[in-house]
Amino acid sequence: MHAQETIQEKENYSFSLEEAINFALDSSYTAINAKRDIAAAAKQKWETTADGLPQISAAVDYQNNIKRPVQLLPGELAGGAPGTFIPVQFGTKQNLAATATASQLLFDGSYIVGVRAAKTFEKYTTTNAERTALEIRQDVIDAYGNVLLAEESVTILKSNKDNLEDNLEETRKIFENGLQEEESVEQLQITFLQISNELNNAERLVAIARDALKLTLGIPLEKEVNLIDTLKGLVENNISLTLLNSEINIEENLDYQLAQVQIEQREHELNLQKAQALPTLSTFINYGTTGNSEKFTFLNDNQQWFQSSIWGVSLNIPIFSSLKRSAQTAQARIALDQAQTQFEQSKEQIRLGMTRAKNDYQYAIEKYQTSQQNLALAERIENKNQIKFSEGIATSFELRQAQTQLYDAQQELLQSMLEVLNAKAALETLLNTPNLNFTNK
(Lines give C-alpha, C1' and ligand atoms only; values in the text may rest on other atoms or scores of the structure.)
Protein backbone atom coordinates (compact mmCIF):
# COMPACT_ATOMS: atom_id res chain seq x y z
CA MET A 1 0.00 0.00 0.00
CA HIS A 2 2.89 2.37 0.78
CA ALA A 3 4.31 1.91 -2.72
CA GLN A 4 0.94 2.65 -4.30
CA GLU A 5 0.52 5.76 -2.14
CA THR A 6 3.94 7.02 -3.33
CA ILE A 7 2.90 6.38 -6.93
CA GLN A 8 -0.23 8.43 -6.48
CA GLU A 9 1.89 11.41 -5.36
CA LYS A 10 4.30 11.44 -8.33
CA GLU A 11 3.40 12.91 -11.69
CA ASN A 12 6.26 11.92 -14.03
CA TYR A 13 8.41 8.80 -14.35
CA SER A 14 11.51 8.00 -16.39
CA PHE A 15 12.67 4.40 -16.76
CA SER A 16 15.31 2.36 -18.47
CA LEU A 17 14.07 -1.16 -19.12
CA GLU A 18 15.89 -2.52 -16.06
CA GLU A 19 14.50 0.27 -13.89
CA ALA A 20 11.00 -0.44 -15.19
CA ILE A 21 11.37 -4.13 -14.28
CA ASN A 22 12.55 -3.31 -10.74
CA PHE A 23 9.73 -0.82 -10.33
CA ALA A 24 7.12 -3.37 -11.43
CA LEU A 25 8.53 -6.02 -9.07
CA ASP A 26 7.91 -3.58 -6.24
CA SER A 27 4.77 -1.69 -7.22
CA SER A 28 2.74 -3.48 -9.91
CA TYR A 29 -0.70 -4.75 -8.99
CA THR A 30 0.37 -8.34 -9.63
CA ALA A 31 3.49 -7.98 -7.46
CA ILE A 32 1.56 -6.49 -4.56
CA ASN A 33 -0.93 -9.37 -4.51
CA ALA A 34 1.86 -11.95 -4.88
CA LYS A 35 3.52 -10.51 -1.76
CA ARG A 36 0.19 -10.75 0.03
CA ASP A 37 -0.03 -14.42 -0.97
CA ILE A 38 3.36 -15.02 0.67
CA ALA A 39 2.25 -13.22 3.83
CA ALA A 40 -1.03 -15.17 3.90
CA ALA A 41 0.84 -18.49 3.54
CA ALA A 42 3.06 -17.60 6.51
CA LYS A 43 -0.03 -16.79 8.59
CA GLN A 44 -1.67 -20.05 7.50
CA LYS A 45 1.40 -22.00 8.64
CA TRP A 46 1.20 -20.33 12.03
CA GLU A 47 -2.54 -21.00 12.19
CA THR A 48 -1.85 -24.72 11.78
CA THR A 49 1.06 -24.66 14.25
CA ALA A 50 -1.06 -22.88 16.86
CA ASP A 51 -3.52 -25.79 16.99
CA GLY A 52 -0.90 -27.82 18.88
CA LEU A 53 -0.02 -25.06 21.35
CA PRO A 54 -1.85 -24.32 24.63
CA GLN A 55 -5.35 -22.96 24.18
CA ILE A 56 -7.06 -20.81 26.82
CA SER A 57 -10.67 -19.75 26.75
CA ALA A 58 -13.00 -18.02 29.17
CA ALA A 59 -16.76 -17.80 29.46
CA VAL A 60 -19.22 -15.80 31.52
CA ASP A 61 -22.81 -17.06 31.78
CA TYR A 62 -25.60 -15.02 33.37
CA GLN A 63 -29.08 -16.46 33.87
CA ASN A 64 -32.24 -14.76 35.05
CA ASN A 65 -34.95 -17.29 35.83
CA ILE A 66 -37.95 -15.14 35.00
CA LYS A 67 -40.16 -18.12 35.77
CA ARG A 68 -38.31 -20.81 37.68
CA PRO A 69 -39.14 -24.39 36.68
CA VAL A 70 -41.20 -26.50 39.08
CA GLN A 71 -40.15 -30.01 40.09
CA LEU A 72 -42.46 -32.61 41.68
CA LEU A 73 -41.20 -34.53 44.71
CA PRO A 74 -42.90 -37.60 46.22
CA GLY A 75 -45.28 -36.60 49.02
CA GLU A 76 -43.80 -39.22 51.38
CA LEU A 77 -40.67 -37.07 51.74
CA ALA A 78 -42.70 -34.44 53.60
CA GLY A 79 -44.98 -36.88 55.46
CA GLY A 80 -47.68 -36.87 52.84
CA ALA A 81 -49.74 -39.77 51.55
CA PRO A 82 -48.10 -42.17 49.12
CA GLY A 83 -48.83 -41.36 45.47
CA THR A 84 -49.01 -37.64 46.08
CA PHE A 85 -46.47 -35.03 44.91
CA ILE A 86 -45.20 -31.76 46.27
CA PRO A 87 -44.33 -28.96 43.79
CA VAL A 88 -41.01 -27.30 44.61
CA GLN A 89 -38.67 -24.76 42.93
CA PHE A 90 -34.90 -25.22 43.15
CA GLY A 91 -32.14 -22.62 42.85
CA THR A 92 -32.16 -18.87 42.98
CA LYS A 93 -33.73 -16.43 40.59
CA GLN A 94 -30.39 -15.16 39.23
CA ASN A 95 -27.10 -17.00 38.62
CA LEU A 96 -23.70 -15.88 37.33
CA ALA A 97 -20.89 -18.28 36.42
CA ALA A 98 -17.39 -17.48 35.16
CA THR A 99 -15.09 -20.22 33.92
CA ALA A 100 -11.60 -20.42 32.39
CA THR A 101 -10.31 -23.50 30.58
CA ALA A 102 -6.79 -24.32 29.42
CA SER A 103 -6.24 -27.23 27.03
CA GLN A 104 -3.19 -28.82 25.45
CA LEU A 105 -2.95 -31.30 22.61
CA LEU A 106 -0.57 -34.09 23.65
CA PHE A 107 -0.65 -36.29 20.57
CA ASP A 108 -2.45 -36.11 17.23
CA GLY A 109 -0.98 -37.61 14.06
CA SER A 110 -3.15 -35.34 11.95
CA TYR A 111 -1.61 -32.29 13.62
CA ILE A 112 1.94 -33.41 12.84
CA VAL A 113 1.05 -33.97 9.19
CA GLY A 114 -0.82 -30.67 9.08
CA VAL A 115 2.23 -28.71 10.25
CA ARG A 116 4.38 -30.34 7.55
CA ALA A 117 1.71 -29.66 4.92
CA ALA A 118 1.55 -25.99 5.98
CA LYS A 119 5.30 -25.67 5.47
CA THR A 120 4.98 -27.27 2.04
CA PHE A 121 2.18 -24.86 1.15
CA GLU A 122 4.36 -21.93 2.17
CA LYS A 123 7.13 -23.33 -0.04
CA TYR A 124 4.65 -23.66 -2.92
CA THR A 125 3.48 -20.06 -2.46
CA THR A 126 7.05 -18.73 -2.39
CA THR A 127 8.03 -20.70 -5.52
CA ASN A 128 4.88 -19.55 -7.30
CA ALA A 129 5.71 -15.96 -6.34
CA GLU A 130 9.15 -16.38 -7.93
CA ARG A 131 7.46 -17.52 -11.11
CA THR A 132 5.14 -14.52 -10.88
CA ALA A 133 8.21 -12.25 -10.64
CA LEU A 134 9.58 -13.72 -13.88
CA GLU A 135 6.20 -13.29 -15.56
CA ILE A 136 6.07 -9.65 -14.44
CA ARG A 137 9.56 -9.16 -15.89
CA GLN A 138 8.48 -10.71 -19.20
CA ASP A 139 5.32 -8.56 -19.30
CA VAL A 140 7.32 -5.39 -18.66
CA ILE A 141 9.80 -6.24 -21.43
CA ASP A 142 6.91 -6.84 -23.83
CA ALA A 143 5.06 -3.64 -22.85
CA TYR A 144 8.24 -1.51 -22.86
CA GLY A 145 9.21 -2.89 -26.27
CA ASN A 146 5.74 -2.23 -27.67
CA VAL A 147 6.01 1.45 -26.74
CA LEU A 148 9.40 1.76 -28.41
CA LEU A 149 8.10 -0.12 -31.46
CA ALA A 150 5.10 2.21 -31.76
CA GLU A 151 7.29 5.31 -31.41
CA GLU A 152 9.81 4.03 -33.99
CA SER A 153 6.92 3.29 -36.36
CA VAL A 154 5.67 6.86 -36.02
CA THR A 155 9.15 8.25 -36.74
CA ILE A 156 9.60 6.07 -39.84
CA LEU A 157 6.09 6.75 -41.14
CA LYS A 158 6.54 10.51 -40.72
CA SER A 159 9.75 10.33 -42.73
CA ASN A 160 8.05 8.22 -45.40
CA LYS A 161 5.13 10.61 -45.55
CA ASP A 162 7.40 13.63 -45.95
CA ASN A 163 9.31 11.93 -48.77
CA LEU A 164 6.08 10.89 -50.47
CA GLU A 165 4.67 14.39 -50.16
CA ASP A 166 7.75 15.80 -51.92
CA ASN A 167 7.52 13.12 -54.64
CA LEU A 168 3.82 13.74 -55.11
CA GLU A 169 4.27 17.50 -55.39
CA GLU A 170 7.14 17.10 -57.85
CA THR A 171 5.23 14.57 -59.95
CA ARG A 172 2.13 16.75 -59.97
CA LYS A 173 4.14 19.68 -61.35
CA ILE A 174 5.67 17.46 -64.04
CA PHE A 175 2.16 16.24 -64.94
CA GLU A 176 0.88 19.81 -65.16
CA ASN A 177 3.71 20.55 -67.61
CA GLY A 178 2.58 17.62 -69.72
CA LEU A 179 5.69 15.53 -69.10
CA GLN A 180 4.06 12.82 -66.94
CA GLU A 181 0.90 10.77 -67.07
CA GLU A 182 -1.94 11.40 -64.63
CA GLU A 183 -1.72 7.79 -63.48
CA SER A 184 1.67 8.52 -61.99
CA VAL A 185 0.12 11.17 -59.77
CA GLU A 186 -2.72 8.84 -58.82
CA GLN A 187 -0.37 5.98 -57.92
CA LEU A 188 1.57 8.27 -55.60
CA GLN A 189 -1.67 9.61 -54.12
CA ILE A 190 -2.77 6.06 -53.26
CA THR A 191 0.52 5.40 -51.48
CA PHE A 192 0.43 8.78 -49.74
CA LEU A 193 -3.09 8.21 -48.40
CA GLN A 194 -2.18 4.74 -47.17
CA ILE A 195 0.90 6.03 -45.35
CA SER A 196 -1.15 8.90 -43.87
CA ASN A 197 -3.69 6.45 -42.48
CA GLU A 198 -0.96 4.20 -41.08
CA LEU A 199 0.70 7.21 -39.45
CA ASN A 200 -2.54 8.31 -37.79
CA ASN A 201 -3.11 4.79 -36.50
CA ALA A 202 0.50 4.50 -35.29
CA GLU A 203 0.19 7.75 -33.33
CA ARG A 204 -2.92 6.41 -31.60
CA LEU A 205 -1.13 3.12 -30.88
CA VAL A 206 1.65 4.99 -29.08
CA ALA A 207 -0.85 6.27 -26.52
CA ILE A 208 -2.41 2.82 -26.14
CA ALA A 209 1.00 1.14 -25.76
CA ARG A 210 2.02 3.69 -23.11
CA ASP A 211 -1.18 3.06 -21.15
CA ALA A 212 -0.56 -0.68 -21.37
CA LEU A 213 2.94 -0.16 -19.95
CA LYS A 214 1.57 1.97 -17.10
CA LEU A 215 -0.94 -0.73 -16.27
CA THR A 216 1.83 -3.34 -16.23
CA LEU A 217 3.95 -1.15 -13.94
CA GLY A 218 1.05 -0.32 -11.62
CA ILE A 219 1.06 3.39 -12.49
CA PRO A 220 -2.24 5.31 -12.92
CA LEU A 221 -3.00 5.99 -16.58
CA GLU A 222 -3.12 9.75 -16.12
CA LYS A 223 0.59 9.86 -15.09
CA GLU A 224 3.42 10.47 -17.58
CA VAL A 225 6.09 7.86 -18.32
CA ASN A 226 9.28 8.55 -20.31
CA LEU A 227 11.43 5.73 -21.67
CA ILE A 228 15.22 6.08 -21.62
CA ASP A 229 16.32 3.06 -23.67
CA THR A 230 16.05 2.77 -27.44
CA LEU A 231 14.76 -0.25 -29.31
CA LYS A 232 17.98 -0.75 -31.24
CA GLY A 233 20.11 -0.40 -28.12
CA LEU A 234 18.03 -2.99 -26.27
CA VAL A 235 18.21 -5.45 -29.15
CA GLU A 236 22.00 -5.19 -29.43
CA ASN A 237 22.32 -5.76 -25.66
CA ASN A 238 19.94 -8.73 -25.73
CA ILE A 239 21.65 -10.80 -28.41
CA SER A 240 23.45 -13.37 -26.28
CA LEU A 241 25.32 -16.34 -27.75
CA THR A 242 26.17 -17.38 -24.18
CA LEU A 243 22.50 -17.88 -23.43
CA LEU A 244 22.04 -19.92 -26.61
CA ASN A 245 24.96 -22.17 -25.69
CA SER A 246 24.04 -22.54 -22.03
CA GLU A 247 23.23 -25.97 -20.63
CA ILE A 248 19.59 -26.72 -19.90
CA ASN A 249 19.16 -27.36 -16.17
CA ILE A 250 15.59 -28.51 -15.81
CA GLU A 251 15.77 -28.43 -12.01
CA GLU A 252 16.07 -24.64 -12.08
CA ASN A 253 12.75 -24.33 -13.91
CA LEU A 254 10.02 -23.10 -11.58
CA ASP A 255 7.29 -25.24 -13.14
CA TYR A 256 9.50 -28.26 -12.38
CA GLN A 257 9.88 -27.12 -8.77
CA LEU A 258 6.14 -26.54 -8.44
CA ALA A 259 5.44 -30.04 -9.78
CA GLN A 260 7.78 -31.44 -7.11
CA VAL A 261 5.97 -29.51 -4.40
CA GLN A 262 2.69 -30.88 -5.75
CA ILE A 263 3.96 -34.40 -5.08
CA GLU A 264 4.92 -33.38 -1.53
CA GLN A 265 1.40 -32.06 -0.98
CA ARG A 266 -0.13 -35.32 -2.20
CA GLU A 267 2.19 -37.26 0.15
CA HIS A 268 1.00 -35.15 3.07
CA GLU A 269 -2.62 -35.82 2.09
CA LEU A 270 -1.93 -39.57 2.08
CA ASN A 271 -0.19 -39.38 5.46
CA LEU A 272 -3.10 -37.33 6.79
CA GLN A 273 -5.56 -40.08 5.88
CA LYS A 274 -3.33 -42.67 7.54
CA ALA A 275 -3.10 -40.51 10.66
CA GLN A 276 -6.89 -40.56 10.98
CA ALA A 277 -6.58 -44.14 12.33
CA LEU A 278 -4.28 -43.08 15.19
CA PRO A 279 -5.57 -42.15 18.66
CA THR A 280 -5.55 -38.56 19.84
CA LEU A 281 -4.61 -37.49 23.35
CA SER A 282 -5.28 -34.14 25.00
CA THR A 283 -5.50 -32.67 28.47
CA PHE A 284 -7.35 -29.78 30.03
CA ILE A 285 -7.78 -27.93 33.31
CA ASN A 286 -10.82 -25.89 34.22
CA TYR A 287 -11.48 -23.34 36.93
CA GLY A 288 -14.79 -21.62 37.60
CA THR A 289 -16.74 -19.62 40.11
CA THR A 290 -20.51 -19.38 40.51
CA GLY A 291 -22.73 -16.89 42.33
CA ASN A 292 -26.44 -17.22 43.16
CA SER A 293 -28.90 -14.58 44.29
CA GLU A 294 -32.54 -13.63 44.23
CA LYS A 295 -31.50 -10.15 43.08
CA PHE A 296 -28.63 -8.85 40.97
CA THR A 297 -26.06 -8.53 43.76
CA PHE A 298 -23.05 -9.94 41.91
CA LEU A 299 -21.16 -6.65 42.08
CA ASN A 300 -21.56 -6.34 45.85
CA ASP A 301 -18.65 -7.08 48.18
CA ASN A 302 -20.71 -9.43 50.31
CA GLN A 303 -21.76 -11.62 47.35
CA GLN A 304 -20.94 -15.24 48.04
CA TRP A 305 -19.06 -17.15 45.33
CA PHE A 306 -18.48 -20.90 45.01
CA GLN A 307 -15.33 -22.13 43.26
CA SER A 308 -14.84 -25.31 41.27
CA SER A 309 -11.96 -26.81 39.26
CA ILE A 310 -11.55 -29.84 37.04
CA TRP A 311 -8.49 -31.48 35.47
CA GLY A 312 -8.78 -34.26 32.94
CA VAL A 313 -7.26 -36.22 30.07
CA SER A 314 -9.11 -37.24 26.94
CA LEU A 315 -8.09 -40.20 24.76
CA ASN A 316 -9.97 -40.76 21.53
CA ILE A 317 -9.37 -44.11 19.79
CA PRO A 318 -10.82 -44.75 16.31
CA ILE A 319 -11.94 -48.38 16.12
CA PHE A 320 -14.17 -49.04 13.13
CA SER A 321 -15.44 -46.76 10.37
CA SER A 322 -17.04 -49.32 8.03
CA LEU A 323 -13.94 -49.04 5.76
CA LYS A 324 -14.51 -45.30 5.27
CA ARG A 325 -10.93 -44.43 6.29
CA SER A 326 -9.61 -47.20 4.07
CA ALA A 327 -11.46 -45.74 1.07
CA GLN A 328 -10.17 -42.24 1.85
CA THR A 329 -6.60 -43.54 2.13
CA ALA A 330 -6.94 -45.36 -1.19
CA GLN A 331 -8.16 -42.16 -2.86
CA ALA A 332 -5.20 -40.23 -1.46
CA ARG A 333 -2.79 -42.89 -2.74
CA ILE A 334 -4.35 -42.69 -6.22
CA ALA A 335 -4.01 -38.88 -6.14
CA LEU A 336 -0.31 -39.30 -5.25
CA ASP A 337 0.21 -41.70 -8.16
CA GLN A 338 -1.49 -39.21 -10.48
CA ALA A 339 0.77 -36.40 -9.23
CA GLN A 340 3.86 -38.52 -9.89
CA THR A 341 2.66 -39.31 -13.41
CA GLN A 342 1.92 -35.64 -14.04
CA PHE A 343 5.41 -34.82 -12.75
CA GLU A 344 6.99 -37.12 -15.33
CA GLN A 345 4.84 -35.55 -18.04
CA SER A 346 5.75 -32.06 -16.85
CA LYS A 347 9.49 -32.86 -17.03
CA GLU A 348 9.19 -33.85 -20.68
CA GLN A 349 7.01 -30.83 -21.47
CA ILE A 350 9.52 -28.50 -19.80
CA ARG A 351 12.43 -30.03 -21.73
CA LEU A 352 10.51 -29.60 -24.97
CA GLY A 353 9.53 -26.04 -24.00
CA MET A 354 13.15 -25.11 -23.27
CA THR A 355 14.34 -26.54 -26.59
CA ARG A 356 11.56 -24.70 -28.44
CA ALA A 357 12.33 -21.44 -26.60
CA LYS A 358 16.02 -21.71 -27.54
CA ASN A 359 15.06 -22.29 -31.15
CA ASP A 360 12.63 -19.35 -31.10
CA TYR A 361 15.32 -17.08 -29.67
CA GLN A 362 17.89 -18.17 -32.23
CA TYR A 363 15.34 -17.75 -35.03
CA ALA A 364 14.45 -14.26 -33.74
CA ILE A 365 18.13 -13.26 -33.88
CA GLU A 366 18.53 -14.68 -37.38
CA LYS A 367 15.32 -12.98 -38.49
CA TYR A 368 16.53 -9.66 -37.10
CA GLN A 369 19.85 -9.96 -38.93
CA THR A 370 18.09 -10.93 -42.16
CA SER A 371 15.62 -8.05 -41.76
CA GLN A 372 18.54 -5.61 -41.53
CA GLN A 373 19.91 -6.94 -44.82
CA ASN A 374 16.46 -6.89 -46.43
CA LEU A 375 15.93 -3.28 -45.39
CA ALA A 376 19.25 -2.25 -46.90
CA LEU A 377 18.31 -4.02 -50.15
CA ALA A 378 14.81 -2.51 -50.16
CA GLU A 379 16.25 0.98 -49.67
CA ARG A 380 18.61 0.53 -52.62
CA ILE A 381 15.81 -0.85 -54.79
CA GLU A 382 13.48 2.03 -53.87
CA ASN A 383 16.24 4.57 -54.51
CA LYS A 384 16.98 3.09 -57.93
CA ASN A 385 13.29 3.17 -58.86
CA GLN A 386 13.06 6.79 -57.70
CA ILE A 387 15.88 7.68 -60.09
CA LYS A 388 14.40 5.62 -62.92
CA PHE A 389 10.96 7.16 -62.36
CA SER A 390 12.34 10.70 -62.41
CA GLU A 391 14.15 9.87 -65.65
CA GLY A 392 11.03 8.30 -67.16
CA ILE A 393 12.50 4.79 -67.30
CA ALA A 394 10.31 3.21 -64.56
CA THR A 395 6.55 3.46 -64.30
CA SER A 396 4.69 4.82 -61.29
CA PHE A 397 3.39 1.31 -60.62
CA GLU A 398 6.97 -0.03 -60.39
CA LEU A 399 7.90 2.83 -58.07
CA ARG A 400 4.88 2.11 -55.87
CA GLN A 401 5.86 -1.56 -55.66
CA ALA A 402 9.38 -0.61 -54.58
CA GLN A 403 8.03 1.84 -51.99
CA THR A 404 5.61 -0.73 -50.60
CA GLN A 405 8.43 -3.26 -50.40
CA LEU A 406 10.52 -0.72 -48.49
CA TYR A 407 7.75 0.06 -46.02
CA ASP A 408 7.15 -3.65 -45.39
CA ALA A 409 10.89 -4.15 -44.79
CA GLN A 410 10.90 -1.28 -42.30
CA GLN A 411 8.03 -2.75 -40.29
CA GLU A 412 9.49 -6.24 -40.53
CA LEU A 413 12.74 -4.99 -39.03
CA LEU A 414 10.93 -3.27 -36.16
CA GLN A 415 8.86 -6.36 -35.47
CA SER A 416 11.94 -8.60 -35.56
CA MET A 417 13.62 -6.34 -32.98
CA LEU A 418 10.69 -6.76 -30.60
CA GLU A 419 10.69 -10.51 -31.21
CA VAL A 420 14.34 -10.71 -30.10
CA LEU A 421 13.47 -9.05 -26.79
CA ASN A 422 10.40 -11.21 -26.20
CA ALA A 423 12.04 -14.48 -27.26
CA LYS A 424 14.98 -13.87 -24.92
CA ALA A 425 12.64 -13.01 -22.05
CA ALA A 426 10.61 -16.18 -22.67
CA LEU A 427 13.77 -18.32 -22.66
CA GLU A 428 15.04 -16.64 -19.48
CA THR A 429 11.69 -17.30 -17.82
CA LEU A 430 11.98 -21.03 -18.55
CA LEU A 431 15.63 -21.12 -17.43
CA ASN A 432 14.82 -19.07 -14.31
CA THR A 433 17.47 -16.56 -15.35
CA PRO A 434 17.73 -14.14 -13.71
CA ASN A 435 16.67 -15.75 -10.42
CA LEU A 436 14.08 -13.23 -9.27
CA ASN A 437 11.82 -12.86 -6.27
CA PHE A 438 10.31 -9.94 -4.40
CA THR A 439 13.19 -9.57 -1.93
CA ASN A 440 16.42 -9.88 -3.97
CA LYS A 441 15.46 -7.74 -7.00
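**Exercise 1. How many salt bridges does the structure hold?**

Before we start: this is a predicted model, where local features need pLDDT of at least 70, side-chain atom pairs count only at pLDDT 80 or more, and totals for chains, interfaces and linings use all residues. Residues are numbered from 1 along each chain as its sequence is written, and side-chain values use heavy atoms, leaving out hydrogens and water.

Step 1. Take the rule: a salt bridge is a side-chain nitrogen of Lys or Arg within 4 Å of a carboxyl oxygen of Asp or Glu.

Step 2. With this rule, the structure holds 15 salt bridges.

Step 3. Look at one of them: Arg68 pairs with Glu294, and their closest N and O atoms are 3.1 Å apart. This pair links distant parts of the chain, 226 residues apart: Arg68 is in the loop between strands E2 (55-64) and E3 (70-74), and Glu294 in the loop between strands E7 (280-293) and E8 (305-316). Strands (E, at least two residues) and helices (H or I, at least four) are DSSP runs, numbered from the N terminus.

**Exercise 2. Find which element gives the largest share of the lining of the largest pocket.**

Step 1. Recall that a pocket, on a 1 Å grid over the protein atoms alone, is an open set of points where a 1.4 Å probe fits, with protein on both sides within 12 Å along at least five of seven lines; lining residues have an atom within 4 Å of a point.

Step 2. Locate the lining, which includes Asn146, Leu157, Glu198 and Gln411. H4, helix H5 (182-217) and helix H10 (396-431) each give two or more residues to this lining.

Step 3. H4 gives the largest share, 5 residues.
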